[in-house]
Structure formats: C-alpha cells, structure tokens
Amino acid sequence: MPIDSPIRTAACDLLGCDYPIMLAGMGGVSRSELVAAVVAAGGYGLLGMVRESPDLIRREIAAVRARTDRPFGVNLIPYGTDPALLEAELLACFEARVHSVCFFWEVRPDLIARAREAGCRVLYQVGNLADARAAEQAGADIVICQGVEAGGHVHGGVASLALLPQVTNALSIPVLGSGGFASGAGLVAALALGAQGIHCGTMFLATDESFAHDFHKRRVVEAGSDETVYSDVFAINWPPRSPVRTLRNSVTDAYRDDLLGHGPDDFPREPVAEEEGRPVYRFSTDSPLRSMTGDFEALAPFAGQSCGLVNAVRPAGDVVRRMVAEAEATVARLCGRADGRA
Ligand SMILES: Cc1cc2nc3c(=O)[nH]c(=O)nc-3n(C[C@H](O)[C@H](O)[C@H](O)COP(=O)(O)O)c2cc1C
C-alpha cells in the first residue's frame, strides 16, 4: 500500500521506496549499516563501493539484505577505477542481482546497456545538461543532477538552482536533484524545479550509522557553508584534474593560492594514516573512516555547502523522518493549509 504523502513521486514506484530521498553512494561512508537505516525509514540507499573489492561488495550487499528486505543499489565510478577492478565489481553486483547500479562522472553507454541486460535499474549522476541527455539517450532509468555546491567529487560547474530545471525540462525520465539539499524545504524546492526527489551525501555523512570517522562527522556539524573549498589537491587515486569539494584544512590552506590544476603525480606519497595495514596518503582522496587510525586532520574532509544545514549527528532514520515532516509542512504552508495535506 503506497504511502499517502504530497511529496511522494513516481520515482518512488520505480525505486520501491516510500519517499523520494536518496542516500548518495559515498565511497567509504555509505556502508551497509547506513543504507539499511535509510531504506528502513522509507528512503532509498546506495552502497558507496568505488574501487572496493568484489569481496567487500558481496559482503556489504549481504549485510544490507540481512537487515532489510527493501530494495537498494550500489554506486560505482568507472572513471576513477582500474578497468579490471571495475569489471570484477560489476560482476559482483550483477551476480548478487542488485536492484540498481548508480554510475557517476562521464556517461558510459556500454555500462548502461550491460547493467540493464543484467536486470538492474540504472541511475546516472551527471554534472551538466549534455551528459544528462546522453544518459537518458543511452537508457538510464533515472538521472541524478549534481550541482557544483555538492560535496565529494564534483563533475560540473553550475549550481543546482540553475542546472536542475534545465535538466528536468530537457528529460522525460525522472531526475533527482543532488548538491545543496539537506532540508525538507530543499526537497520541496527540488520538486518545484521539476525533480522527482533528491540525492543527499553530506546530510547522511553526519549520522550515527555512517562509516565516516567521528572526526569527520564533527567537522561537518561544526562547519558553516562558507568553509567548503573546491580544489583538486586531494588527487592521489584519481585521474588528473578531478575536482572535489571538502572542508578547509591544512592541505587546502597550504595550497590556498594554487587550488586547481593538479594530478596524482604532482604530490609525494606521504603516509599520514592507516587502514588495516594499508597506508593512507596526504593528498589522497581517502576521507577519515571508522576503520582508520592516524592524522585525520590531513585527510580529505569531503562536504558540500549543505553542511551549514547539518547541526547534529543523528540516527539516519530520524534524518529521513524529520525531512519528510518538514517537507510536508512546507507543502501545507505553500498551499495555505495547516494539516500537512496538499
Ligand atoms: C563524503 C562523500 C563521499 C562521496 N563519494 C561519492 C562516491 O563515491 N560516488 C559518487 O557518485 N558520489 C560521491 N559523492 C558525491 C555525492 O554523490 C553527491 O553528489 C553529493 O553528496 C551531493 O551533495 P551534498 O553533499 O550537498 O548532499 C560523495 C560525497 C561525499 C560528501
């Protein structure tokens, strides 16, 4: 029985969720515990599995399934992954019959076709209008439209408020807004711009179930929106000139006047932390995780401008429920009614 809510959209039917609120597949951060908590509260979740081993992908899929029978997906980034590893990751997803795969960065029609053949819904996060059109043309089921205010890797240069309505006007498949959305009013704004929901990273990073280290969660909670920095100084692990949005730290301060134009070979391999015996380097794209020890201040503190809307670390289910309540109240206010119904 579908939930009766003014913010429910057709994308919810496609995804098998109650509310059009999607947890972004944040690498390292969006693991099984967080995905299960978001889907249990009626949202949709993506495991962040960029560059992870097929073994971990299989384990994490099984761990979500052990906690819930609701659908969820897996996020992969072809551009940032060695082709042989990507192939093994895809096979792990297809063999596990995941409900959806979500790709990010440049559009790969070959991968869309393969994922569809394997029976997965295909979500594609893009950062510009041309890529949005290309993803639809190649058969994606949903396009996720990322604005430049987003946290983590950022593919485009246009803010959500300007880009999202252009993409929703141009496409006939459902579009989700991504970047800057961390409130119920923001969700309603995305719907007003023609989107069928939102895709959130920073907001869910600061939750009890996220795999981010407490150090990172605390920084997100304490930061204002003007403390994010757009740079490519966190370069090791990715191809050159792949910009990210992080909070300011000692690394961005040192490159204050030279934030862009870098690649992985421009920086020394200087271990500053460790994850189960693996060295983690300054200038790498690794962010501080629960499983790491070391100098967290020097690691990539990914966060979007939406960090200014995040004021506490909460259970992820509460974050979803608060957003739904606030969105319904916003719709009611806009309709001049107080009962929450449109
Ligand atoms: C810590 C962190 C890690 C991220 N990792 C990924 C990733 O692995 N794959 C991906 O497609 N997007 C990743 N992103 C970007 C998100 O998909 C999304 O574009 C972004 O979080 C939206 O902006 P918001 O942070 O304001 O919600 C990451 C974002 C954050 C904050």
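Predicted model: local features only at pLDDT ≥ 70, side-chain atom pairs only at ≥ 80, totals over all residues.
At the interface, 21 residues of domain 1 are in contact with 14 residues of domain 2. The area buried between domain 1 and domain 2 amounts to about 1400 Å², and carbon and sulfur atoms give 54% of this area. On the side of domain 1, Arg-51, Tyr-79 and His-153 together account for 36% of the area buried against domain 2; no other three residues of domain 1 supply as much.

Polar and charged interactions also link domain 1 and domain 2. Across their interface, 8 residue pairs are in polar contact, with both residues of each pair at pLDDT 80 or more. The residues of domain 1 that touch domain 2 divide into 8 nonpolar, 7 polar and 6 charged. The count of salt bridges between domain 1 and domain 2 is 1. Arg-290 forms a salt bridge with Glu-33, in which the closest N and O atoms are 3.1 Å apart.

The cysteines were examined next. A disulfide is a covalent bond between the sulfur atoms of two cysteines. The structure holds 0 disulfides. Cys-307 is in no disulfide, and the nearest cysteine sulfur, that of Cys-200, is 14 Å away. Cys-307 is buried, its relative accessible area being 0%. Cys-335 is likewise in no disulfide; for this residue the nearest cysteine sulfur belongs to Cys-12, at a distance of 18 Å. With a relative accessibility of 43%, Cys-335 counts as partly exposed, whereas Cys-307 is buried.

Definitions and conventions:
Residues numbered from 1 in each chain as written. Heavy atoms only, no water. Contact = heavy atoms within 4.5 Å. Buried area = accessible area lost by both parts, 1.4 Å probe. Salt bridge = Lys/Arg side-chain N within 4 Å of Asp/Glu carboxyl O. Polar contact = N/O pair within 3.5 Å; in protein donor to acceptor, adjacent residues only side chain to side chain. Nonpolar A, V, L, I, M, F, W, Y, C, P; charged D, E, K, R; others polar. Disulfide = S-S within 2.5 Å. Buried < 20%, exposed > 50% of the residue type's maximum accessible area, 1.4 Å probe, protein only.
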